[in-house]
Amino acid sequence: MAVPIAAFVQMVDRLPDVGHAESANYTAFKVHDKTFGYMWPATETVGLKQTIAEQLALVAERPAVFEIQFTAGQFGWVVVHLAGIEVDELAELTFEAWRLTAPEALVEAHGHRLPL
């Protein structure tokens, strides 16, 4: 268990049309200028866009690994503690965050298979 920061970045970089926006404390990950994830190296956590139902289910199931970050519209962002998650589960959550954010045509072209 535990996913290194570098492995998460590699995972994100395999997704189509993804860009990074660096700041002093975190990195934002975007697809077509819309954010789907964040990474905080100092705390070894990432934030991922999910549906509100998924956000609530993850936090209820494993509060030591997941926490509510915020909600915006129909989406619930979840903080993931990298020390407590398997790479396969993180890949699925990251892919879903990308799918929820990417333009419809991009999802139709690439969103049916996990590119990891």
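Colleague: What makes Glu 89 and Arg 62 a salt bridge?

Modeller: This is a predicted model. In it the side chains of Glu 89 and Arg 62 meet at 2.4 Å, N to O. The cut-off is 4 Å between a side-chain nitrogen of Lys or Arg and a carboxyl oxygen of Asp or Glu, so the pair counts. The two ends lie in distant parts of the chain, 27 residues apart. Glu 89 sits in helix 3, and Arg 62 in the loop between helix 2 and strand 5.

Colleague: Why is Glu 89 called partly exposed?

Modeller: Its relative accessible area is 22%. Buried needs under 20% and exposed over 50%, so Glu 89 falls in between. Arg 62 has a relative accessible area of 22% and is therefore partly exposed too.

Colleague: What links Glu 61, Arg 62 and Glu 89?

Modeller: A network of salt bridges. Arg 62 meets Glu 61 at 3.4 Å, N to O, and that is within 4 Å. Glu 61 has 57% relative accessibility, over the 50% limit, so Glu 61 is exposed.

Colleague: How do you know that Glu 96 and Arg 99 are separated by about one helical turn?

Modeller: They are 3 residues apart in helix 3, which means about one turn. Glu 96 is at 30% relative accessibility and Arg 99 at 32%. Both values lie between 20% and 50%, so both residues are partly exposed. The structure holds 3 salt bridges.

Colleague: How do you know that Lys 49 has no salt bridge?

Modeller: The nearest side chain of opposite charge, Glu 96, is 10 Å away. The limit is 4 Å, so no salt bridge is counted. Lys 49 is buried and lies in strand 4.

Colleague: What does the side chain of Lys 49 make a polar contact with?

Modeller: The side chain of Thr 101, at 3.4 Å. The limit is 3.5 Å, so the contact passes. Lys 49 also touches residues including Phe 36, Trp 77 and Leu 100.

Colleague: What makes strand 4 and strand 6 a pair?

Modeller: 7 bridges join them, and they run antiparallel. Pairing takes at least two bridges, so they qualify.

Colleague: Why is strand 6 called mostly covered?

Modeller: 6 of its 7 residues are buried, and buried means under 20% relative accessible area.

Conventions:
Residues are numbered from 1 along each chain as its sequence is written. This is a predicted model: local features need pLDDT of at least 70, side-chain atom pairs count only at pLDDT 80 or more; totals for chains, interfaces and linings use all residues. Side-chain values use heavy atoms; hydrogens and water are left out. Buried means under 20% relative accessible area, exposed over 50%, partly exposed in between (1.4 Å probe, protein chains only). Helices (H or I, at least four residues) and strands (E, at least two) are DSSP runs, numbered from the N terminus. Lys and Arg count as positive and Asp and Glu as negative; His and the chain ends are not counted. A polar contact is a pair of N or O atoms within 3.5 Å; within protein, one must be able to donate a hydrogen and the other to accept it, and residues adjacent in sequence count only if both atoms are side-chain atoms. Contact means heavy atoms within 4.5 Å. Lists of a residue's contacts leave out its neighbours within four places in sequence.
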